[in-house]
Amino acid sequence: TDWKQIRPLGISCAATICTGDERPTFWFHGKYGNEPLEGAMTVEEVSELVEYLQTMETLGYRIVTWNGLGFDFDVLAEESNMTSQCKELAINHIDMMFHLFCVKGFPLGLNTSAHGLGLSGKTEGMHGDLAPIMWAKSVEDRNKVLEYVGQDAITTLQVCETALQRNSLPWISKTGRQNFFFIPDGWITVQEAVKLP
């Protein structure tokens, strides 16, 4: 129930996608071979992902996540041994869930946000804690995990862009009530969100 108590976790795989890309880019152990290899990404492989994010930021892209501050960058820092670089990336990126949390006082799931916007959302029947179990099984299972992680990246980008177009993020609460998070000035970075009242 508390992933921080069993760290280091290792990273099975990751996915990134840019506006305009037809499909995500995948990051995993054995990325340059014919198929994903069993086991966690090496320090070098994780470092390559961090360096890619730094390069994209330098090129003017804005990194956007859903709970990247609370999870992704924390794990990336530990697994890459690039703590200062990951802290810099984390503080300068847009974590949509953190932005919402700083305004509303509670978190929201990516899938709930996607469905509120009329998007298909995450892969049905799959969730993050299944990923390492499936990754250890077979190449076929590893490919299913990559599909799931890729869909998460796509969903994150879709939520970001669709909410920007609408200037708001609507969702239905567990009690069936319609809610809205208004973003008339767009999404803001973690550094800007921590300064909110």
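Colleague: By class, how many nonpolar, polar and charged residues does the lining of the second largest pocket have?

Modeller: The model is a predicted one. In this model the second largest pocket has a volume of about 160 Å³. Its lining is made up of L108, T112, W171, I172, S173 and K174. By class, that lining has 3 nonpolar, 2 polar and 1 charged residues.

Colleague: Which elements give two or more residues to the largest nonpolar core?

Modeller: The largest nonpolar core has 18 residues, and W66, M96, V159, L169, F181 and W187 have the most contacts inside it. The elements that give two or more residues to this core are α4 (96-104), α5 (110-116), α7 (139-166) and β5 (168-172).

Colleague: With which residues is M96 in contact, leaving aside its neighbours within four places in sequence?

Modeller: M96 is among the residues with the most contacts inside the largest nonpolar core. Leaving aside neighbours within four places in sequence, M96 is in contact with V64, T65, W66, T156, V159, C160 and W187.

Colleague: Is N81 buried or exposed?

Modeller: N81 lies in the loop between α2 (68-80) and α3 (83-92), and its phi is near 60°, a positive value in a residue other than glycine. Most residues other than glycine have a negative phi. The relative accessibility of N81 is 61%, and the cut-off for this class is over 50%, so N81 counts as exposed.

Colleague: What is the phi of N167?

Modeller: N167 is found in the loop between α7 and β5. With 38% relative accessibility, N167 counts as partly exposed. The phi of N167 has a positive value, near 60°.

Key: Residues numbered from 1 in each chain as written. Predicted model: local features only at pLDDT ≥ 70, side-chain atom pairs only at ≥ 80, totals over all residues. Heavy atoms only, no water. Core = buried A, V, L, I, M, F, W, Y, C linked by side-chain atoms within 4.5 Å. Buried < 20%, exposed > 50% of the residue type's maximum accessible area, 1.4 Å probe, protein only. Helix = DSSP H or I, 4+ residues; strand = E, 2+ residues; numbered from the N terminus. Contact = heavy atoms within 4.5 Å. 1 Å grid on protein atoms, 1.4 Å probe; cavity = no way out; pocket = protein on both sides within 12 Å on 5 of 7 lines; lining within 4 Å. Points joined across faces, edges and corners; volume = space filled by probe spheres on them. Nonpolar A, V, L, I, M, F, W, Y, C, P; charged D, E, K, R; others polar.
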